[in-house]
Amino acid sequence: DEQLDLDDGRWEDIHVVTGALKLFLRELPEPLVPFSHFDKFIAAIKIQDPSLRGRCIRDLVLSLPPAHHDTMKVLFRHLCRVVERKEENRMSVQSVAIVFGPTLLRPASEEASMAMHMVFQNQVVEHILNHYGYIF
């Protein structure tokens, strides 16, 4: 319900805007990848066969509730544009995945294996960025 003045100079700093986006996504009651899909995505990214892994991740994205799927499509399209400008902004696919992986995919409860999950969370985001056209 807060009214924001987007003409306010503080919104010109890309770090403020990015931080606000990450905070918004992190504070959602359920992440963009619903808790019910977390283990499925982690299992899919571990598949050794690249074509099977790709199909599995695409099918999982397609199985998301419409609001999650549609938001993911718009967000990842934007993140792909960020990556396209990596020479200017130093945000490679890996960098974007590290920044957004733990925010977009997280387990329902924090576990001891959180560090291990983080690697796979990042890999899922990286995979979706690298295969955006095929997935969406």
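This is a predicted model: local features need pLDDT of at least 70, side-chain atom pairs count only at pLDDT 80 or more; totals for chains, interfaces and linings use all residues.
Residues are numbered from 1 along each chain as its sequence is written, and side-chain values use heavy atoms, with hydrogens and water left out.

Eight helices and zero strands make up the secondary structure of the protein chain, where helices (H or I, at least four residues) and strands (E, at least two) are DSSP runs numbered from the N terminus. Along its principal axes the C-alpha trace spans about 50 × 35 × 30 Å. Of the 136 residues, 35% are buried, that is, under 20% relative accessible area with a 1.4 Å probe and protein chains only.

Within this helical chain, Threonine 103 lies in helix 6, which covers residues 93-104. Threonine 103 is buried, with a relative accessible area of 5%. Leaving aside residues up to four places away in sequence, Threonine 103 touches Lys22, Leu25, Arg26 and Pro31, a contact meaning heavy atoms within 4.5 Å. Among contacts in the protein chain between residues at least 6 apart in sequence, 63% join residues at least 24 apart.

How values were computed
Buried means under 20% relative accessible area, exposed over 50%, partly exposed in between (1.4 Å probe, protein chains only).
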